Amino acid sequence: MGMPITTTAKEYKPLKEVIRLNKHQFDPTGLPTLIPNVPSIPEEIQGLWYRKNQTFGIEFEITTRGFIDIEDISEDKWHDKAETLRKALNESLGDRVADKSFFEYHNEKRDFRHWNVEKDSSCGWEIITPILQNQQGFEEVVAACNVIQDIVNKTDFTVNFKTGTHIHIGWLGSSVEEIIRAIKLAKIFEPALGTLVSPSRLIEFNGRTYDINSPNEYCQPISYLFPETKLSEVNNMNDIWNLTKDHEDRYVSFNIKPLDNLHTVEVRLHNGTYESRKILTWLSLWMQILWAASQKELVLGKTIDRMLITPDRDIIELVDKYLPTLRKDHELLFVSYLKARRQQIIEIWEQHEELKPWFEYTKKWTL
């Protein structure tokens, strides 16, 4: 076994007694709630928006430099490195962390009340949060991300184009009409969401060049499952499940399959990250999209089918049009996060000649 890594991340001190949940929850009466912009709250989450008592969980995929295939790594070597992650998290988060890591993928003994480290066949390791909610959950993610970043700086752990960061959000989809509104909003937002994530989440990437005409097979557009012709024929939940019955149907940007057993939806579109500002801004944005889907007066009409997510829409325009309007100072802070993230992504585009056509879209965006 390797030597333990001592983390310099600050110890996590929860605001109050932690609520430990083993099942996702959703309160349909939960109100839009802003995290205040005050010094006592971590800067990474100030100005973010969440829906009160709506649970969430995050899966952080992480790999090592030079990783090729999980089959090339012995179980002992895998556990040795997994324990580096688990013990560092335990040092900061205490008994919120499971007392062992799991080599089996999505082990049935997983306790959803704890942080877990599990095997991921595509990249090696996956850090899975407990079921979290409200501001305290956001703060706990900040604390954990500080630990992960510290470990990355000291070891060969990393994130790259093979890794993703998936979020689960507690939701019921109170009616088939609400689920259809959520799917249509996902279709509308997808091209703008593509400006907030690494291009490898949208299209094929071999580690050197991108193919702008080929979608990422593990993150297909939502229209792959729900083209307008099929969506218009949906009358009940059985019709929805019939369109998502295959195991591979989870490989879409907005995966509603977990609604049936976990009472969550999964968003698979974000690239691998251990930066809390990035992933929690993303989570906040999706909580707002689901809140918008709950508004019965929202009429969306027909949507455009896309078999490829091309980042040609303005995220600021769509946020202004569809998402809740709150206190102006906080709203502007949230928008500033989106603009800053989009600029980071544009800088990635600039490094690849094959992505040059995408720059035409930026000329119409709100700067």
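**Figure legends: a look around a predicted model**

View 1. Count them up and the protein has nine helices and twelve strands. Its radius of gyration is 20 Å, close to the 21 Å that the globule rule gives for 367 residues, so the protein is as compact as a globular protein of that length. Keep in mind that this is a predicted model.

View 2. Of the 367 residues, 58% count as buried.

**View 3. Contacts along the chain.** Take the contacts between residues at least 6 apart in sequence: 75% of them join residues at least 24 apart.

**View 4. Empty space inside.** Rolling a probe the size of a water molecule over the atoms shows where empty space is left. Here the count comes to two cavities of 30 Å³ or more. The second largest cavity holds about 30 Å³ of space.

**View 5. Close-up of the second largest cavity.** Who lines the second largest cavity? The lining is made up of Phe60, Glu61, Ile62, Ile127, Ile148, Val159, Thr273 and Tyr274. Strand β3 (residues 55-64) gives the most to this lining, with three residues. Sort the lining by type and you get six nonpolar residues, one polar and one charged.

Definitions and conventions
Residues numbered from 1 in each chain as written. Predicted model: local features only at pLDDT ≥ 70, side-chain atom pairs only at ≥ 80, totals over all residues. Heavy atoms only, no water. 1 Å grid on protein atoms, 1.4 Å probe; cavity = no way out; pocket = protein on both sides within 12 Å on 5 of 7 lines; lining within 4 Å. Points joined across faces, edges and corners; volume = space filled by probe spheres on them. Helix = DSSP H or I, 4+ residues; strand = E, 2+ residues; numbered from the N terminus. Nonpolar A, V, L, I, M, F, W, Y, C, P; charged D, E, K, R; others polar. Rg over C-alpha atoms; globule rule 2.2 N^0.38 Å. Buried < 20%, exposed > 50% of the residue type's maximum accessible area, 1.4 Å probe, protein only. Contact = heavy atoms within 4.5 Å.
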